[in-house]
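User: Hi! Could you walk me through this model? I'd like to begin with the ligands.
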Amino acid sequence: MSLQDLRSAIPGGRVLEVTTTTGCIVGCSYCPQDKFAARQRAVSHVKHLRLEDFKRCLARVPAAVDISFAGYSEPWLNPNCTEMVEHAYACGHDIRIFTTLVGMNGRDLRRLLALRFRVFVVHVFDDGAYMNSRLVRQKYFDLIRQLVDADISSIRFVVVGEVHPNIVEIVPAEALVRTSALSSRGGSVDPKMVEPRQSVVGALTCADERQYRNVLLPNGDVTLCCMDFERRHVLGNLLREKYEELFEGPIFCEIVDRMNGMEGFLLCRMCEFAEPKASC
Ligand code: SF4
Ligand code: SF4
């Protein structure tokens, strides 16, 4: 399976991604999460999204919106992540998971296996080219074996580059997606690592309509999408506003106007998902 096949297999529709914590110890060298952490710490001292705040935010989100545990850090670095997943599931949301398994333990996994997932993607450790192999220990091997044995039909494993040699035998080849394609995350990744794309001029569209796949942060703020590590477009705050209001406020309206060609800063212009709109 290629990365393109994986993208096609991930359903569209509205999604709220959850960034459960500020800062990510996994520290993949192609990820600008340090920029996110610096920007986020400048506006909020809340490191972990609190369980009660997650519940308050979720109560404002219609059940038709999928909840995705992904965001700008490894979700299981927040000790309440499994409980958040269970709560969102019990509220009737479809659940998507993107995890490296770092921070998860066997008990978390057993609880997760009682649920059903729309998407379950494991970002597996590479051979040390981009990820820190010191996190690949016995506990990690046990967890990944347990996950493979559970035989979740929707599960996919993704690696950038080559799989870590000690897990290459564990991960089923037919469920593994290898990629070398890196995203500049709207120009946030070090340009020595990923050269930013040439800016898109004029009207544009987002290939996956990711302007409706927004990201909840630990303090309740909601950013535009998975590319907005630097908080360039904050739509509102779900601790104060309803989900629908995020799309009625001045920030989102301005984004739509700029996507339609209006002047002014727009993250999409530097993003690999943006496509120039054909003029008639
Ligand atoms: S890619 Fe994911 S796991 Fe790696 S540093 Fe970024 S947020 Fe953490
Ligand atoms: S084009 Fe890029 S930055 Fe704009 S909404 Fe889509 S994914 Fe986000």
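User: Which residues surround ligand 1?
Analyst: Ligand 1 is surrounded by Cys24, Val26, Gly27, Cys28, Cys31, Gln33, Tyr72, Ser73 and Thr100, each with a heavy atom within 4 Å of it. This is a predicted model, where local features need pLDDT of at least 70 and side-chain atom pairs count only at pLDDT 80 or more, while totals for chains, interfaces and linings use all residues. Residues are numbered from 1 along each chain as its sequence is written, ligands are numbered from 1 and chains lettered from A in the order in which they are written, and side-chain values use heavy atoms, with hydrogens and water left out.

User: How does that shell divide into nonpolar, polar and charged?
Analyst: Five residues are nonpolar, four are polar and none is charged. Here Ala, Val, Leu, Ile, Met, Phe, Trp, Tyr, Cys and Pro count as nonpolar, Asp, Glu, Lys and Arg as charged, and the others, Gly among them, as polar.

User: Switching to helix H4, which of its residues are buried?
Analyst: In H4, residues 81-90, they are Cys81, Thr82, Met84, Val85 and Ala88. Buried means under 20% relative accessible area, exposed over 50%, and partly exposed in between, using a 1.4 Å probe and protein chains only. Helices are DSSP runs of H or I with at least four residues, strands are E runs of at least two, and both are numbered from the N terminus.

User: Why do they line one face of the helix?
Analyst: Seen down the axis of H4, the buried residues fall within an arc of 160°, so they line one face. The arc is that of the directions from the helix axis to the C-beta atoms.

User: What do they pack against?
Analyst: Helix H3 (51-58), strand E2 (66-69), strand E3 (95-99) and helix H5 (106-112), with contact meaning heavy atoms within 4.5 Å.

User: OK, Thr20: buried or exposed?
Analyst: Thr20 is buried, with a relative accessible area of 0%. Its place is in the loop between strand E1 (15-18) and helix H2 (33-43). Leaving aside neighbours within four places in sequence, Thr20 has contacts including Phe69, Ser73, Cys81, Met84 and Pro218.

User: Last one: where does Lys55 lie?
Analyst: Lys55 lies in helix H3 and counts as partly exposed, at 33% relative accessibility.
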